[in-house]
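Biologist: I have the structure open beside the sequence. Could we go through the burial and the helix packing together?
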Amino acid sequence: MEHYSQAAPVASGQPKGEHQTGSYTGPLVIVTILFFMWGLLTSLNDVLIPHLKAVYTLTYVQAMLVQFCFFGAYFIVSLPAGMLIKKIGYQNGAVAGLTIAAAGCALFYPAATSGYTLFLIAFFVLAGGITILQVAANPYVAVLGDARTASSRLTLTQAFNSLGTTVAPFLGGMLILAGGVLSSSDLAKFSADQLAAYNAAQATAVQGPYLALAAALLLLAILFALARLPKIADAEAAPGEAQGTFADVLKHRHLALGAVAIFLYVGGEVSIGSFLINFLGEPHVAGLTAAEASHYVGYYWMGAMIGRFIGFVVMQKVSPGKALAFNAAAVIVLVLTAIFSHGDVAKWSIVAVGLFNSIMFPTIFSMALNKLGPLTGQGSGVLCMAIVGGALVPFAQGLLADHLSLQVSFFVPAACYLFILYFGLKYANMYNEK
């Protein structure tokens, strides 16, 4: 999953708009590695949710507490992260974010023997670290090149974020779900002691992979601390212009609607990913085991990666609003097809959603910040807080899944994309307006 920072930075000592892309190849590679890592960490949630649901016999709503804690951290930590970055700088902020994320991964080790509550705390700490990391590292993508191509450059860079989200389900399926999860009828034959031992063994499957991730994040923190990156500073208002408040920012209708679109997009995307393994396990859909279904979660994110490369090319010529509207319409058709069909049609329809999700986040974000001038920083902060949709929308789908059926619950993300379609059509020609 890709996210922007709250800041609107420029390279320190460099006039705005005068970027020399060639000299920034090395720094851009370093930042791209970070995009890959947080994509991998976020996508692993889609594997862990059905795993923890089975281990702790949770309802769908209870299982969605994973995403509530994870994406709730974005809402809670975004603004404090921005203040932290102002004090310690962008590069040190990235190091701090990586270190905290590593601590969150390390917490999975004791969580495996302590219960679901500590898992939820670990998810919050991990996401808090990722939030700080994104607030600190994302600005480099904006300043490492020509400002006019920032949107397409970000889309290209986030393709590597999608590579992380593509790889994670395959790794998770292999390392965490490989042992399989017994059916409820098999578990019913267990004594209380046998059931406790089985659940304990299932829970400990996460220990090794997350300790390895903690070590990788610490190594990245060291490398990032030693890297020679250009110093960047927050963009400042022109003389005589006030920075403004969040209330001032929300007076810009395209920003306010963009925040709603970000809330619903992240919510819809996270909901689909969170329920995908369980959906593909339904007998009338594909009847796959969790380990088998995890591969299709990888295909889902692979579609997003491919779509970003396509979007990088197409959006050089096509209006971002029109591209966004087209993709939202395609997602609505695919989700409705998955709801009303079964077998391979339902399976591949929901997996194909990833391809059309590809350009949505960076496109909505860029459109919402268009022509905000000195209010750009505050506008970005509002949009970052809107990521809390990833914490709340899955709850709504979980309620429908618990009380009606899993397949019917996909009406929730379908409704989210309806608003994104509206937003794209409403501002289809915004870059042509003077």
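Modeller: A residue counts as buried when its relative accessible area is under 20%. The model is predicted, and in it Cys416 has a relative accessible area of 5% and is therefore buried.

Biologist: What is the relative accessible area of Cys384, and is that buried or exposed?
Modeller: Cys384 has a relative accessible area of 2%, so it is buried.

Biologist: How many disulfides does the structure hold?
Modeller: The count of disulfides is 0.

Biologist: Let us turn to H16. How many of its residues are buried?
Modeller: Helix H16 spans residues 360–369. Of its 10 residues, 10 are buried, and the helix is described as mostly covered. Among them are Met360, Phe361, Pro362 and Thr363, and also Ile364, Ser366 and Leu369.

Biologist: Which residues of H16 meet H19?
Modeller: Met360, Ile364 and Met367 are the H16 residues in this contact, and they meet Tyr417, Ile420 and Phe423 of H19. By class, this contact has 6 nonpolar residues, with no polar and no charged ones.

Biologist: And the geometry? At what angle do the axes of H16 and H19 cross?
Modeller: The axes cross at roughly 45 degrees and come within 12 Å, with H19 covering residues 411–426. The two helices are therefore oblique to each other. The crossing of H16 and H19 is left-handed.

Biologist: What follows H16 in the chain?
Modeller: Lys371 follows H16, and its phi is positive, near 60 degrees. Lys371 is not a glycine, yet it has this positive phi. Its place is the loop between H16 and helix H17, which spans 376–385.

Biologist: Is Lys371 buried or exposed?
Modeller: Lys371 has a relative accessible area of 54%, and so it is exposed. By contrast, the H16 residues, including Phe365 and Ala368, are buried.

Biologist: Which residues of H12 and H18 meet?
Modeller: On the H12 side, the contact includes Phe263, Val266, Gly267, Gly268 and Phe275. On the H18 side, it includes Gly389, Gly390, Leu392, Pro394 and Ala401. By class, the contact of H12 with H18 divides into 9 nonpolar, 7 polar and no charged residues.

Biologist: Some of those are glycines. How are they classed?
Modeller: Glycine counts as polar in this scheme, so Gly267 and Gly268 of H12 and Gly389, Gly390 and Gly398 of H18 fall under the polar heading.

Key
Residues are numbered from 1 along each chain as its sequence is written. This is a predicted model: local features need pLDDT of at least 70, side-chain atom pairs count only at pLDDT 80 or more; totals for chains, interfaces and linings use all residues. Side-chain values use heavy atoms; hydrogens and water are left out. Contact means heavy atoms within 4.5 Å. Helices (H or I, at least four residues) and strands (E, at least two) are DSSP runs, numbered from the N terminus. Axes are lines fitted to C-alpha atoms, for helices over the stretch in contact, and angles run from 0 to 180 degrees between N-to-C directions. Angles under 35 degrees count as roughly parallel, over 145 as roughly antiparallel, 65 to 115 as roughly perpendicular and the rest as oblique. A crossing is left-handed if the near helix is turned anticlockwise from the far one by less than a right angle, and right-handed if clockwise. A disulfide is a pair of cysteine sulfur atoms within 2.5 Å. Buried means under 20% relative accessible area, exposed over 50%, partly exposed in between (1.4 Å probe, protein chains only).
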